[in-house]
Amino acid sequence: MVIDKIAILDCGGQYTKVIDRKVRELAVKSEIFPLNVSVDILREYHGIILSGGPGSVWTDQPLTYDPQLFSLGIPVLGICYGMQLINQYFGGVVRPGVKTEYGETEIEVEPACPLFDGLDSKQRVLMSHGDSVAQIAPDLKVGARSGNVMAAVYHEERKVYGVQFHPEVDLTENGKVILTNFLWRICGLSGNYLLEDRIQTAIAKIKEKVKDEKILVLVSGGVDSAVSAALLLKALQPENVYAIHIDHGLMRKNESDIVCENLARLGIVHLLRENAAGQFFDSVVEASGKKIGPLTQLVDPEEKRNLIGEVFINVVRQTAARLNLDFDKTFWAQGTLRPDLIESGNPDVSSFAHRIKTHHNDVDIVRKAREKGLVVETNWDWHKDEVRQVARALGIDESIAARQPFPGPGLAIRVICNDGQYQISDAQSRLFEEVIGKVAQPYGYEGSVIPIRSVGVQGDCRSYRYLSVISGKGLAMEWDRVYNISKDIPNQTDFINRVAYVLNKSKLDGLLNCHPMYLNPENVELLREIDDLVVKKLNRKPVSQVFAVLLPVGITKKYSVAIRTIVTNDFMTGRPAFIGQDVSMDLIAELSRDIESKFSAIDLVLYDVTSKPPATVEWQ
Ligand code: XMP
């Protein structure tokens, strides 16, 4: 049988992986290539999608591509930059400043355009562009408009289509219908790339590589590594599979017990649980020629991550040695997913891979092992939501299949440490006061800027900036107003990327102090208990992930806690759960009171009101 497949040509867009996921959701195989891929490679594909991208087609150094791709007789869909490239190729003009659109926009579609078959003429879509079509190419027809701007163009005989908006993201209401029209109606595909067949392909690949050798698999308890272990068990002799669960002392409450019980049910013969908290807290390691550690003296989140990553490998080495396995010669499996392998330029996911950035599952030691052919990426063909479906298809318990993500470094990156090195400058204080005077005070809210930093993502780059704490009405807050403030502050300052609201006090009765704090088993234990309370209360739809963060901040007491919720499909972007809409104020009030009454060391109970971007899901 010929498998339906599409080539996605990457023009550098942040949503390229989302296009890949959406195409696969429609049971069509997709592969990602750089835009300048040779047309000889493209001939075997049934359709081509040109992604969006940050560049401009009108510059004197535009991205290069082989123009023959429009003459192959293979249908083409250009998205955003891709549409502009189509318009330029056919002789039209693209310019900046015709109309800039960022966000949800209403467009008017042309019913005759096959892309919009079955849809009403008015559609809500996500636009994100500075350049626009200033003059449509003579042979192209208008497929849709957003006011006076072209929102879609097409050439029916050549089967070339372009959309200025992003049909691949959830904010485009009927994006899936539009992609289905392209794949099924225009490319003539039927969707025969089915999950069950893909599971069988994954199993066959593992068999072919590992044969009857022994293999190690690290199982954290998350869905990715559980699927990895389950596939190994299906493909290999179960007695050749050694599953190792490392409890680094940074897991959530009772997590290692639950994880091991669930994994035992998968039929794992060798399940080794390593209780290695001591080693994680006490070790000093060398990474990139620098000594890092111990964990109890680190503030920088990257250093915490590096140290924990190194100790992980050391513990696995020791475990392998106990099993009489030579770690440097033994196969090991990882549950890394397709989006991360795409970014790492991994040859398993694309025959024409190119590196976008190095992922944490692709660090030095992994790369060396991969060169020796020892790393088995069992989940190479799946995105996050697919791996959950695979888990269910493999009969994995729902408690694992639906498990919230939990980062490898665990609670270590949720205890925010501080050595007092950051100071807010006078200029920053003045600007902050000015901004608060405009965006918060007129509505009855006050704000402080706190010299602890957390990670964010702004303008496609990582940021590491200060926190702003907003107060004023306690539990009587108006969600929409506070959420707007959370957008205004990062937009109007260049040193804040996260905003949290004080739930348990209307007025702050003193100055907020930020004192030195390092990780230790006691504060991890405190966070573990609070987190358990928070998760039990708020882990419900539509919340995709919820957890607590411990902060070295207080007026009279030592700590404050922040509740982080996120609503998202793909974790690339997301928003907090809206109080009063996604979660009731009564529930939040009850949680806030419970935290205050049960944990006497906690001063402020905060709610992280920031979206991603500008913040990230995790604080570190
Ligand atoms: P960010 O903080 O980047 O997180 O917005 C997106 C999602 O990834 C999870 N995350 C991790 N998962 N190892 C993991 O396995 C990590 O080091 C890691 N860091 C972040 C995070 O919890 C969220 O679901």
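Which residue has a polar side-chain atom 2.5 Å from an oxygen atom of the ligand? That would be glutamate 618. Hello everyone, a word on the model before we go on. It is predicted, so local features need pLDDT of at least 70 and side-chain atom pairs count only at pLDDT 80 or more, while totals for chains, interfaces and linings use all residues. Numbering starts from 1 along each chain as its sequence is written, and side-chain values use heavy atoms, with hydrogens and water left out.

Back to the ligand. It is surrounded by 12 residues, and the closest are Arg305, Gln545, Lys612, Val617 and Glu618; to be counted, a residue needs a heavy atom within 4 Å. Lysine 612 places a polar side-chain atom 2.7 Å from a ligand oxygen atom. At glycine 408, a backbone N or O atom lies 3.2 Å from a nitrogen atom of the ligand.

Now to a helix pair; helices here are DSSP runs of H or I, at least four residues, numbered from the N terminus. Helix α5 (residues 195-210) packs against helix α12 (residues 384-393) at about 80°, with axes 11 Å apart. The two are therefore roughly perpendicular, a label for angles of 65 to 115 degrees. On the α5 side, the contact (heavy atoms within 4.5 Å) uses Leu195, Arg198 and Ile199. On α12, the partners are Glu386, Gln389, Val390 and Ala393.

Last stop, helix α3, residues 81-89: 7 of its 9 residues are buried, meaning under 20% relative accessible area with a 1.4 Å probe, protein chains only. Among them are Tyr81, Met83 and Leu85. Just after α3, glycine 91 takes a positive phi of about 100°.

Definitions and conventions: Axes fitted to C-alpha atoms, helices over the stretch in contact; angles between N-to-C directions. Parallel < 35°, antiparallel > 145°, perpendicular 65-115°, else oblique. Buried < 20%, exposed > 50% of the residue type's maximum accessible area, 1.4 Å probe, protein only. Polar contact = N/O pair within 3.5 Å; in protein donor to acceptor, adjacent residues only side chain to side chain.
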